[in-house]
Amino acid sequence: MDRAAIAARIAEVIEPFNKNDVKIDETTSFAGDLEWDSLTVMDFVAAIEDEFDIIISMNQQAEIETYGQLIDAVATLQG
Amino acid sequence: MNDMTPPEAAQADLFSKFDPLIETRRSLLATGVTDPFSLVMEKVLSPTTAICSGRETILLGTYNYMGMTFDPDVIAAGKQALDEFGAGTTGSRVLNGTYAGHRAVEDALKEFYGMDHAMVFSTGYQANLGIISTIAGKGDYIVLDIDSHASIWDGCKMGDAEVVPFKHNDIEAMEKRLKRIPAGAGKLVVLEGVYSMLGDIAPLKEMIRIAKENGAMVLVDEAHSMGFIGPNGRGVAEDQGVLDDVDFVIGTFSKSVGTVGGFCVSNHPKFEIMRLVCRPYVFTASLPPSVVATAATSIRKLMHAGNKRAHLWENSRTLHGALTQLGFKLGTAEPQSAIIAVIMPDLERGAMMWEALLREGLYVNLARPPATPAGMTLLRCSLCAEHTAEQVGIITGMFERAGKAVGII
């Protein structure tokens with residue numbers, strides 16, 4: 001899957017979690033811009049893991065703050 | 001000379017990160033409620049009663065499930081050890097800190113669980129911290145329930161393994177994550193028998209079967225089940241018939257056993273090496289002789305405590321039924337353990353209810369985030385085998401009056 005396809009699928013997963021309809025770009029941060037608390041982050045990570053059939057460990061999550069970083073991480077994890 | 005001194009840099013206050021919590025606390029106390037986190041017990045009368053602020057108070061938030069703290073045999077053993085071995089060991093278990101009593105309590109644990117190895121730590125927190133951080137290393141994966149106790153999370157954080165949480169008690173979520181772990185990686189599944197916030201139990205039978213099918217080792221924290229769940233009080237894994245498939249059981253002396261300390265029991269043939277490689281075991285002083293003597297005596301008595309267990313379950317069922325009938329919202333629909341969690345609408349009314357109960361003469365735990373799941377405020381009640389049926393009736397009346405006064409029921 002190419003980067004654009006991954007980005008599109010992640011955007012779809014984000015949608016139901018984006019309660020304030022924040023406009024998403026590569027630099028949108030989950031904690032800052034989307035104002036997700038730790039419980040929302042947990043549910044979102046589980047949704048992404050299931051969507052792409054991958055594991056994003058807590059250790060890896062610590063390095064992912066923005067939409068752009070998540071796309072790159074998923075691309076890498078998918079191999 | 002002075003001209004050459006560089007100007008002092010502005011000092012960032014390392015405490016500013018605590019400002020939101022300081023503010024939450026300030027605004028809560030500004031409403032006039034008693035600080036729920038600085039209660040002092042002036043005198044402890046029994047496992048179920050104490051004097052708090054000059055008032056006799058029924059204790060319903062101590063985890064002293066089996067009421068062993070004032071057992072005459074336990075106290076006598078502690079006094080004798082204090083006389084014969086002194087106040088403390090002043091040393092690590094691997095140097096000068098292993099006395100006859102430390103071996104004796106490990107022997108008692110091996111018998112209690114029917115396992116080959118037992119290792120005693122200075123607290124239950126250190127048992128989780130030490131075992132988890134030591135056995136799961138770089139490149140290994142820890143798969144754990146998201147509602148795990150702080151000591152489990154801290155054990156994960158201290159080690160170098162990849163940490164993968166799954167939704168609370170969700171068998172399918174756990175299985176999916178196990179199946180995604182790269183082939184060849186070491187896997188440790190960490191579960192609890194009873195989850196202490198809501199008092200619910202884990203479906204260990206299914207979870208452990210799936211963990212084993214996927215080549216994982218299994219660690220179960222049975223802190224809140226020891227002594228009264230399972231035919232021999234060995235915990236939820238024993239109750240569900242899967243204790244033989246558990247690689248490591250973690251437990252504590254600070255609940256049913258009635259003193260302080262933590263342990264791990266295991267049948268792993270290489271288990272004894274942990275005594276040399278587990279840093280929270282090595283780099284701290286061992287438990288005082290009086291503590292291990294009280295623990296050993298208590299554990300041996302818990303092996304034959306069938307009647308007390310039955311009474312504790314009776315208490316748990318009675319109170320759960322009565323609170324449900326009064327209209328309180330509880331953490332579980334049926335009583336699954338000796339913990340009954342009463343769900344509060346918010347922190348402020350939770351603190352008001354806590355204080356109203358204290359004024360009635362009842363102590364319960366006020367639990368709030370981050371200790372609680374899903375941002376809940378809870379009044380957590382833990383029953384004791386020494387609570388009389390009469391006390392349980394009195395407690396119900398106190399909840400009714402306090403709940404109506406605060407407007408929760």
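# Reading a predicted two-chain model

Q: Where is Ser316(B) found?
A: Ser316(B) sits in helix α12 (residues 306-326) of chain B. Helices (H or I, at least four residues) and strands (E, at least two) are DSSP runs, numbered from the N terminus. This is a predicted model: local features need pLDDT of at least 70, side-chain atom pairs count only at pLDDT 80 or more, and totals for chains, interfaces and linings use all residues. Residues are numbered from 1 along each chain as its sequence is written, while chains are lettered from A and ligands numbered from 1 in the order in which they are written.

Q: Is Ser316(B) buried or exposed?
A: Count C-beta atoms, placed from the backbone, within 10 Å of the residue's own: 20 or more others means buried, 12 or fewer exposed, and in between partly exposed. Ser316(B) has 25 C-beta neighbours inside 10 Å, so Ser316(B) is buried.

Q: Which residues does Ser316(B) touch?
A: Two residues are in contact if their C-beta atoms, placed from the backbone, lie within 7 Å. Leaving out residues up to four places away in sequence, Ser316(B) touches Pro335(B), Ala338(B), Ile340(B) and Leu383(B). Pro269(B) is 47 residues from Ser316(B) in sequence and 39 Å away in space, C-alpha to C-alpha.

Q: How many residues does each chain give to the contact?
A: The size of an interface is often given as the accessible area lost when the parts come together. Here we have residue counts: 10 residues from chain A and 13 residues from chain B. On the side of chain A that touches chain B, α2 (38-52) and α3 (58-61) of chain A each give two or more residues. α2(A) gives the most, with four residues. By class, that side of chain A has six nonpolar, two polar and two charged residues. Ala, Val, Leu, Ile, Met, Phe, Trp, Tyr, Cys and Pro count as nonpolar; Asp, Glu, Lys and Arg as charged; the others, Gly among them, as polar.

Q: In which sense do β1(B) and β2(B) pair?
A: Two strands pair if DSSP finds at least two bridges between them. Strand β1 (residues 41-46) and strand β2 (residues 49-52) of chain B are antiparallel, over four bridges. Met41(B) stands opposite Cys52(B) in β2(B). A hairpin through two residues joins β1(B) to β2(B). β2(B) also pairs with strand β3 (residues 55-59) of chain B, antiparallel over four bridges. In that hairpin, with two residues between the strands, Ser53(B) takes a positive phi near 50°.

Q: How do α13(B) and α14(B) cross?
A: Two packed helices are described by the angle between their axes and the distance between the axes. Axes are lines fitted to C-alpha atoms, for helices over the stretch in contact, and angles run from 0 to 180 degrees between N-to-C directions. The axes of helix α13 (residues 347-360) and helix α14 (residues 389-406) of chain B come within 9 Å and cross at roughly 135°. The two helices are therefore oblique to each other. Angles under 35 degrees count as roughly parallel, over 145 as roughly antiparallel, 65 to 115 as roughly perpendicular and the rest as oblique.

Q: What is the strand order of the open sheet of seven strands?
A: The order is β4-β12-β11-β10-β7-β5-β6 (chain B), with mixed pairing. The edge strands, each pairing on one side only, are β4 (117-121) and β6 (162-166) of chain B. Inside the sheet, strand β5 (residues 141-145) and strand β7 (residues 187-192) of chain B run parallel, joined by four bridges. Leu144(B) stands opposite Val190(B) in β7(B).
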